[in-house]
Amino acid sequence: MSALIEDLEHFRDQIRLKTLQELNHLGFGHYGGSLSIVEALAVLYGEMLNVDPFNPRSEERDYFILSKGHGGPAYYAALALKGFFPEELLYTLNQNGTSLPSHPDRNLTPGVDMTTGSLGQGISAAVGAALSHQLSGRSNRTYCIVGDGELNEGQCWEAFQFAAHHKLNHLTVLVDDNKKQLDGLTKDIIDPIDFAEKFRAFGFYTVRADGSSVREIYSAIQDGKAQHSQPVAIILDTVKGQGVPYLEAKEDNHHIRPNAQDKKAILEAIADLESRLGGEVTV
């Protein structure tokens, strides 16, 4: 177990480094909400997901849908490190003719199961995929990351109610509870009260986890896989800009066009991760 966690932590650092490098190369982007899902992506793509980079459309694969599509840069980093496409493509992020647009597009990027970006719609697609697997008698699992701000959307809760009614136990929803959204603090815009209580009320088996700990995320997903009659919700306690203290403390860190001070801090974080990794090894 300790060796696995060390491997996942190494993968986490690789994803965070690649995310920072691609955004730094672009010169702007969704730093905050990309960095807050790095640990979750490391656990999913480092251990949990049954996926094959050489056969990304395999009917036997597990599905992953990033409903909060603005976290695409971290998603792309995980996919590249996993071998779905060359890492060099990360430096074409959001440029003309790229296969890595600002938000994920299943028609452009190998490994992307659902085009997302219009908040609230990704989770509905994930529920549809999970229902399809259930009706077909397949054992494929479906994982979906949603944002806490995204859960302002009523469509999300309609999808959750539907999932619980159909007992989609192979569906796992991970909530990136980073406490912020585009316009400010989530609690100031629409106070979510308590996500865990709400998901339980909607019929989900629900657990909380430290979203900065790959160990806790791994344990929470394993716990959820043991459920046989309910969909699973994992509430991840995260911080926008996670893993880079300067960006964590920055007030407006949803989308950043770095000034000189920001750029200096980002380059220092990149150098620190490069030093920590001491040479890159893909998963």
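Guide: Start with a definition. On a 1 Å grid over the protein atoms alone, a cavity is a set of points where a 1.4 Å probe fits but cannot get out. A pocket is an open set with protein on both sides within 12 Å along at least five of seven lines, and lining residues have an atom within 4 Å of a point. This is a predicted model: local features need pLDDT of at least 70, side-chain atom pairs count only at pLDDT 80 or more, and totals for chains, interfaces and linings use all residues. Residues are numbered from 1 along each chain as its sequence is written, and side-chain values use heavy atoms, without hydrogens and water.

Visitor: Which residues line the largest cavity?

Guide: Tyr 45, Val 51, Pro 56, Arg 61, Phe 84, Gly 111 and Asp 113 line the largest cavity. That cavity holds about 40 Å³ of space. A volume is the space filled by probe spheres set on the points, which are joined across faces, edges and corners. The whole structure has one cavity of 30 Å³ or more.

Visitor: What classes of residue form the lining of the largest cavity?

Guide: Ala, Val, Leu, Ile, Met, Phe, Trp, Tyr, Cys and Pro count as nonpolar, Asp, Glu, Lys and Arg as charged, and the others, Gly among them, as polar. This lining has four nonpolar, one polar and two charged residues.

Visitor: How many residues line the largest pocket?

Guide: The largest pocket has 19 lining residues. His 70, Leu 119, Glu 150, Gln 181 and His 254 lie nearest its centre. By class, the lining has two nonpolar, 10 polar and seven charged residues. The pocket volume is about 220 Å³.

Visitor: At what angle do helices α3 and α4 pack?

Guide: Helices are DSSP runs (H or I, at least four residues), numbered from the N terminus. Axes are lines fitted to C-alpha atoms over the stretch in contact, and angles run from 0 to 180 degrees between N-to-C directions. Helix α3 (residues 38-48) and helix α4 (residues 72-82) pack at about 30°, with axes 10 Å apart. Angles under 35 degrees count as roughly parallel, so α3 and α4 are roughly parallel to each other. Their contact (heavy atoms within 4.5 Å) joins Val 38, Leu 41 and Tyr 45 of α3 to Ala 74, Tyr 75, Ala 78, Leu 79 and Lys 82 of α4.

Visitor: How far apart are the axes of α5 and α6?

Guide: The axes of α5 (residues 121-136) and α6 (residues 154-165) are 8 Å apart, at an angle of about 15°. These helices are therefore roughly parallel too.

Conventions
Helix = DSSP H or I, 4+ residues; strand = E, 2+ residues; numbered from the N terminus. Parallel < 35°, antiparallel > 145°, perpendicular 65-115°, else oblique.
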